[in-house]
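Subject: The structure I promised

Hi,

Here is the structure I said I would pass on. Have a look at it first, and then read my notes below.

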Amino acid sequence: MISWLLILLPLLGSIVIIVSPGRLARQLALVTSLVVFGVSVAAAVVFDGWGRGTWDFSSSIEWVKEWGLVLQVGADSVSLILVLLTTFLMPLAILGSFNAIQTRRREYYGWLLGLQAAMTGVFLARDLVLFYVCFEFTLVPMFFIIAIWGSKNRARASVKFLIYTFTGSLITLAAFLTLAWSHAQANGGQWSFEIAALSHHAASALSLNEQAWLLLALMIGFGVKVPLFPVHTWLPLAHTEAPTAGSVILAGVLLKLGTYGLYRFVLPMCPEAVVEWAPFVAVLSIIGILYAALICWVQTDVKKLIAYSSVSHLGFCVLGLFALNPMGVEGSILYMINHGLSTGALFFLIGMMYERYHTREMGELGGLARTMPIWATFMVFFVLASVGLPGLNGFVSEFLCLIAAFTAGETGAYPGVLGPWYAAIAALGMVLAAMYLLIMVGKVVFGPTRASMKHDEHSGLPVDLTVREITVLVPLAIGCVVLGIQPDLVIDNTATAVADTLAVYQDLFEDRVAGTAAFVESAFQGGAR
Amino acid sequence: MIDKLWFLVPELILFGGVVVVAILGLVQSNRLRGWVPWTTALFILAAGAASPFIYCDEAMGSSGLLLPGLAGPACLIACIVAIGLLLLSIGRVDRGYETAIAQGRATFDPIRATGGEYHVFFLLSLAGLLLVSIADDLIWLFLALELASLPTYVMVAMSRGSIRAQEAAMKYFFLGAMSAALFLYGFALLYGATGTLVLTEMQAAFADQIARGELGMLGIVGMLLALLGIGFKLAAVPMHLYAADVYEGAAVHVTAFLGFIPKAAGVMAFMILLSTMGWAEGVGLPAPILIMLWVVSVLTMTLGNIAALLQKSVKRMLACSSIAHSGYLLIGIIAGPGAGFNAVMLYLLIYGIGNTASFAVLSSLQRGGVELESVEDLAGLRHKHPWSATAMAISAGSLLGFPPLLGFWGKLALFIAGIASGRLVLVLVAAINSAISAWYYLRLVGLPLMADRNERSDAVERIDSPWPRLTALVLAAMLIMLPIILGLLYAVTDISS
C-alpha cells in the first residue's frame, strides 16, 4: 500500500498541477513533493527490513494472466534507501527551480513529479514489466525537461539522451523476455516476470555461455544509464544543457537507476558470467574514471566539468559493485547516495551562480568568495565532499570501493577477481578529482575578480544567496556531514540484503578456491608419485 | 447454406449500409446529406455489435473454417478502427463543394458530389476486410481481398482535386492489379498442388504431403507467389514501393484508411494461407517459406524505418513508418498460431488506434485550405493548437512503442511471441529498428510541442469540422488509458479459441 502511495502520489500531484492554474504550480509541486517525502520517511520508520534482507510493503495486482503480468511492488533496504534519496532530492529540486523556471511552469512541475513517480517505481518494482515501464518512462519527463527548459544546445542533447538510453534498454528488454521465456519453459509454460524468480532461474539454470550473453545485454542497457565508458557520451551533453533541477535529478537519481540495475539484476542473474567478465567491466570503469577525470581537467565550462566528474565518480561505483564482496557493494550503495547529495548540490550551486552571471566559463569567472561569501562557502564544502575529504561523505564510499577492489584478489580476505592493481590505478582517479575540482575552485571562488563579470540586476536575485537558496543547500550539507560521520546508517542497514545478493558469489569463489586447491593437490600428488 | 449466410450477417449489414448511404448521398437536402457519415457509422456499429452474437464460440466451432477464432476479433477490431477512420473524415470529404453549396455559391449536382460514394466505398472495403476473416476457400479469399482493395483505388482517385491524387491512384491501381495477378497465379499453383480450393481440405492435403515428406515445389512456389502478391496489401518489401507515393498523393483521410484496412486484410490473408501449409502436427513452416518471411520481415522494418528517416513530408513519413509496422507484424505471423497470431491481432488493433490518431490530427489541420505537407508545418503547433500538438505527440509515442503508452504493449506481445517461438535474432532486429524509428517519431513529438513557430506553421489553422480533432483527442486518450484494461484487449483479440 505504501509502495503504491509513493508511486501514485507524485503522479496524482502531477495531474493536479497540469489542470490547475500556472501561478499555483510551484507551490503545489513543493507541497506534493514534501508530502511524498513525509510518506517515505514514515515508511522508513515503520519499515521492518532494516538490517535484514527481507522485503516489506509488498503488494501485487494481477493484470494480464496469459502473459503472467502481475504488477508487484515492495521494498528491501537497498531500494528504500534509494527511494529516500529520490524523495529527499525532489523537494529541493523543485525549490531550486522557483526562480530559474519562468515559462510553462505547469508542464515543468508536472513533468518533474511524473519523473519522481517513475523513479520511485523503478526502485520499488518487484516484477520486470513494471520495472521496465518505469525505467523507460523516466526518459520522457527528462526528455521534455531538457528539450524545453534546457540551454542553447538542448534539442540535440535531449534527442541524444533519449536515443542512447532507449536503444540500450530495448536490447535489455529483449534479454529480459528471453530470460522470462526460458523460465516459462522450465515451469511448464507459465509465464512470470517476478524478479526474484527470474534471478533464481537465471543463476541456476543458464549455462555460462547463456549467462554471458545475458550479461552483455544487461550491461548495454544499464551501462548506458550509469554511464560506463564508452557509452557515456550522452551524459555531458545532457547534464550541461539541462536546467539546474534537471541536472540535479539526472545526476542525483537517474544515473543510479543504472547502478541499481547492475545491483538488482546483473549481480544476481548471471553470477558465473560476472565472475568471468568482472575484470573486463572493471577495466571499463577504470578507463571511465581516468578518462573522464582527464577530460575534467581541461574543461573550461564549470557545469560540463561537474558533468564529466559524474562519469568519473560513477566508475568507482561500478568498480565497487564488481569487486563482488560485501565491502565493495555496500560502498557502492553508499556511493550512490553520496554522489546524489554532493554532485546534486554542486549542480545547484552552479545553477545559482549562472542565474546571476549568465556564464559558466571559468575564464570569465573569479573571486566569487569576495562577492558571494555564502555561495563560496557552500561551494568549497561540497567540492571537498565530492573530492573525498575524510570526515565528509565522499571519502568513506570511495575508500570502501577502492579497498574492496584491492582485496578482491584470488587469495584476499574477500576473494574476488580484481586485485591491488585495479585499486591502485583507479585511485589515480581520486588524485585527479582533487586536482580538477580544486583548480576549478581556485579559479572561480578565489582568484581575481574578472571585469567581464556582471551581476544581472534583472534576475531579481541579490548578490549572494537568498534564504530560499540556502534552504535548498543546507539539507544537502547536513546529509553530507551525517553520512560522513555515520556511514553505518547506510552500510549496516543494507548489510544483510547485500550479503544475500552476494551469497551465490561466496559459493562460486569457494568452489574456485577449492578447485584450485584440488588441482594443486592432484598435481603435487602426481609429481610425488 | 443457411449457416454460411448466418456468418455473413455483419457483412450484409454493411452492404445494406452501402445501399442506404449511396441513396442518401444523392438527395438534394443539405441536411439529409449531412447525415451520410452518421448513417455510415450506424451501420458499422451495428455490424460490430452483431459480431459477438454471430461469431460466438459455439457457432464457430462447427463453421468448418480454417481459423474459426479469427472472425470475431477481426470484426471487432475492424469496426473499432473504422469508426475512428470515419470520424476523422467528417468535414473532409467533398469539403470545398459542400461549403460552396452551404454558402449558396453552387447548387447541388449529383454528378459532382462524391460524399455518398466515398462512404459507399468505405463500407465496401470494410466488408471486404470482414469477408477475408471468414474465407473458407481460395476463390472467396481472392474476392474478399479484391473487395477490400478495389474501392480504395477509387477512394484515392477521388479523394481530392489535386492531380497528385490521380497519379497516386493510377500507380496504386496498376501495381495493385499486378500484385493481384501474382497472388492469383500463386492460388492457381496451390490448387494444382493440392487439387482443392477449400482451405481446410488444402490443409489436410499439405499435412499429408508433409507427413510423407513429399511437399513439392509446386505448393511452395504457389505459396511464395501468393504471399508476395498479398505482401502488396501490407506494403511489405519488395511490394512496398508504391506506399510512399500513394499515401502522399491521397487526401489525408484516405491515407489513414490505406494505412489500416488493406494492411489488416493482407495480414489476415497471410495468417489464413500460411495455416494451410504450416504448423501442422508440431512442424513449423517449410524452410523456404520461413526464410522468405524472415527476410521480408527484416527488410520491411529496416527499409521502412530508414526511408521514414529521410522524409520531409509528414504523410510520407507516416507511410514509410507504416511499412515498418508491417515488418513488426510479420514477427507475429512467423511465430505462428497461438501467441503469435494473437499478438498480431492485438498489434493490429493497437497500431490501428495509434495510426488513426496521428492521421486524425493531420486531418483536423489545414494551411490556406490545403492539408499539411511538410513536417515543418507542425513546428510550434502547441502555440495555437495545444491539444492537437499533444495528441500528435502521444500518437507518435505510441507508434514508437514507448511505455506506458498502448503501442508498447502491442510490441511487447509481438516480442514475447517472437522469442517464445525461438526467433530471438528477429526480435533483436525489431528492437534495433524501434530505436531507429525513435529518430523520426521524436520529430513528431518535438516539433509540435517544443519547436519554435515558423512562417509556414504560423498559417496552420483548424478545419471547420470539430470531428477530426475530437477523434484525435479521444484516440490519444485511449492510447494512454487502454493499457489499464490490457487484459480485456488481450481477451478480445484472442483468436486461438
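Let's begin with a lysine in chain B. K263(B) is buried, yet it has no salt bridge. The nearest side chain of opposite charge belongs to D245(B), and that is 16 Å away. For a salt bridge, the side-chain nitrogen of the lysine would have to be within 4 Å of a carboxyl oxygen of Asp or Glu, so D245(B) at 16 Å doesn't count as a partner. Keep in mind that this is a predicted model.

So what does K263(B) touch, leaving out residues up to four places away in sequence? Its contacts are K233(B), L234(B), S322(B), I323(B), S326(B), L329(B) and Y351(B). To find K263(B) on your screen, look for helix α14 of chain B, which covers residues 252-277.

Now zoom out a bit. Chain B is split into domain 1 (1-134), domain 2 (161-283) and domain 3 (285-497). I looked at how domains 1 and 2 of chain B meet. Their C-alpha centres are 24 Å apart, and 21 residues of domain 1 are in contact with 18 residues of domain 2. Together they bury about 1,600 Å², with carbon and sulfur atoms giving 87% of that area. On the domain 1 side, L66(B), L85(B) and L129(B) lose the most area to domain 2, together 36% of what that side buries.

α8(B) gives the most, with seven residues.

Last stop: the place where the two chains meet. Chain B brings 32 residues to the contact and chain A brings 31. The area buried between chain B and chain A is about 3,000 Å², and carbon and sulfur atoms account for 86% of it. Zero salt bridges turn up across this interface, but there are four residue pairs in polar contact (both at pLDDT 80 or more). On the chain B side, α20 (406-420), α21 (424-450) and α24 (486-492) each supply at least two residues. The largest share comes from α21(B), with 12 residues.

Cheers

Methods. Residues numbered from 1 in each chain as written. Chains lettered and ligands numbered in written order. Predicted model: local features only at pLDDT ≥ 70, side-chain atom pairs only at ≥ 80, totals over all residues. Heavy atoms only, no water. Helix = DSSP H or I, 4+ residues; strand = E, 2+ residues; numbered from the N terminus. Buried < 20%, exposed > 50% of the residue type's maximum accessible area, 1.4 Å probe, protein only. Lys, Arg positive; Asp, Glu negative; His and termini not counted. Contact = heavy atoms within 4.5 Å. Domains from an automatic or database assignment. Buried area = accessible area lost by both parts, 1.4 Å probe. Polar contact = N/O pair within 3.5 Å; in protein donor to acceptor, adjacent residues only side chain to side chain.
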